[in-house]
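Here is a short briefing on one chain. Have the sequence and the model open side by side as you read.

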Amino acid sequence: MRNAKPKVSEPAAKPTAPEPEATSSDAVAAYRAIDVLWPKTPARQIIREVARAHGLTFEEVVGEGLKKKLVEARFDAIKAVADGRPDLSLPQIGYIFNRDHPAIIHALKKRGGRKNREGWNDGK
């Protein structure tokens with residue numbers, strides 16, 4: 001073998017104390033703690049509540065109407081969903097509202113931006 005390299009022996013590893021293995025109950029407890037700290041309200045429920053506050057229906061808010069009352073309610077609902085569900089991306093929110101994500105960005109800019117998990121606006 002022309003390109004064979006000599007084998008280098010590795011130094012012997014130092015014996016260490018065995019680390020305790022994570023049990024499945026630890027993982028379940030961690031998951032439940034996260035779930036309790038951040039419950040996820042369905043986006044459609046958030047939209048229904050905002051629509052009810054504006055005296056409209058869910059279908060009117062996500063529909064194609066361009067009357068001022070509908071647009072104001074729609075922008076408020078988009079802001080509420082974006083703040084209430086930070087795990088949803090802008091295209092996902094757009095899918096719920098039957099709009100593309102630039103329309104969602106426009107609505108969020110009109111309403112002061114999206115809040116992060118700590119509750120502060122991200123400055124956009």
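Which pattern does the chain follow, read along the sequence? The pattern is α-α-α-α-α-α. The model is a predicted one. The chain has six helices and zero strands.

**Overall picture**

- The chain holds 124 residues, and buried residues make up 25% of them.
- The chain exposes about 9800 Å². Carbon and sulfur atoms supply 56% of that area.
- Take the contacts between residues at least 6 apart in sequence: 53% of them join residues at least 24 apart.

- Helix 6 spans residues 101-110. Its residues I104, A107 and L108 are buried.
- These residues lie on the same side of helix 6, because they cover an arc of only 100 degrees around the axis.
- An α-helix has 3.6 residues a turn, so residues three or four places apart point the same way.
- K109 and K110 sit on the other side of helix 6 and are exposed.
- What do the buried residues of helix 6 pack against? Their partners are helix 4 (68-84) and helix 5 (90-96).
- G112 follows helix 6. The phi of G112 is positive, near 100 degrees.

**R114: buried, with no salt bridge**

- R114 belongs to the segment after helix 6.
- R114 is buried yet has no salt bridge. D83 is the nearest side chain of opposite charge, and it is 5.6 Å away.
- Which backbone oxygen does the side chain of R114 reach at 2.5 Å? The backbone oxygen of L88 is the one at that distance.
- A polar atom of the R114 side chain also lies 3.2 Å from the backbone oxygen of A82.
- G84 is in helix 4. The C-alpha atoms of G84 and R114 are separated by 9.7 Å, although the two residues are 30 apart along the chain.
- G84 counts as partly exposed, because its relative accessible area is 32%.

- R74 is found in helix 4.
- R74 is buried and has no salt bridge. The nearest side chain of opposite charge is E64, 8.7 Å away.
- A polar atom of the R74 side chain lies 2.7 Å from the backbone oxygen of V61.
- Which residues does R74 touch, not counting those up to four places away in sequence? They are E60, V61, G63, E64, G65, F97 and R99.
- N98 lies in the loop between helix 5 and helix 6. N98 counts as exposed, because its relative accessibility is 59%.

**Salt bridges**

- How many salt bridges does a search of the whole structure find? The search finds five.
- Side chains of opposite charge can pair when their charged atoms come close.
- D87 forms a salt bridge with K40, and the closest N and O atoms are 3.8 Å apart. This pair links distant parts of the chain, 47 residues apart. D87 is in the loop between helix 4 and helix 5, while K40 is in the loop between helix 1 (24-37) and helix 2 (43-53).
- D87 is partly exposed, with a relative accessible area of 31%.
- R111 forms a salt bridge with D76, with the closest N and O atoms 2.6 Å apart. This pair also links distant parts of the chain: R111 is in the segment after helix 6 and D76 is in helix 4, 35 residues apart.
- R111 is partly exposed at 25% relative accessibility. D76 is partly exposed at 25% relative accessibility.
- D83 forms a salt bridge with K79, the closest N and O atoms being 3.1 Å apart. Both residues lie in helix 4, four residues apart, about one turn of the helix.
- Is K79 buried or exposed? K79 counts as buried, because its relative accessibility is 14%. D83 is partly exposed, at a relative accessible area of 24%.

Key. Residues are numbered from 1 along each chain as its sequence is written. This is a predicted model: local features need pLDDT of at least 70, side-chain atom pairs count only at pLDDT 80 or more; totals for chains, interfaces and linings use all residues. Side-chain values use heavy atoms; hydrogens and water are left out. Buried means under 20% relative accessible area, exposed over 50%, partly exposed in between (1.4 Å probe, protein chains only). Helices (H or I, at least four residues) and strands (E, at least two) are DSSP runs, numbered from the N terminus. The arc is that of the directions from the helix axis to the C-beta atoms. Contact means heavy atoms within 4.5 Å. Lys and Arg count as positive and Asp and Glu as negative; His and the chain ends are not counted. A salt bridge is a side-chain nitrogen of Lys or Arg within 4 Å of a carboxyl oxygen of Asp or Glu. A polar contact is a pair of N or O atoms within 3.5 Å; within protein, one must be able to donate a hydrogen and the other to accept it, and residues adjacent in sequence count only if both atoms are side-chain atoms. Accessible areas come from the Shrake-Rupley method with a 1.4 Å probe; for residues, only the protein chains shown count as cover.
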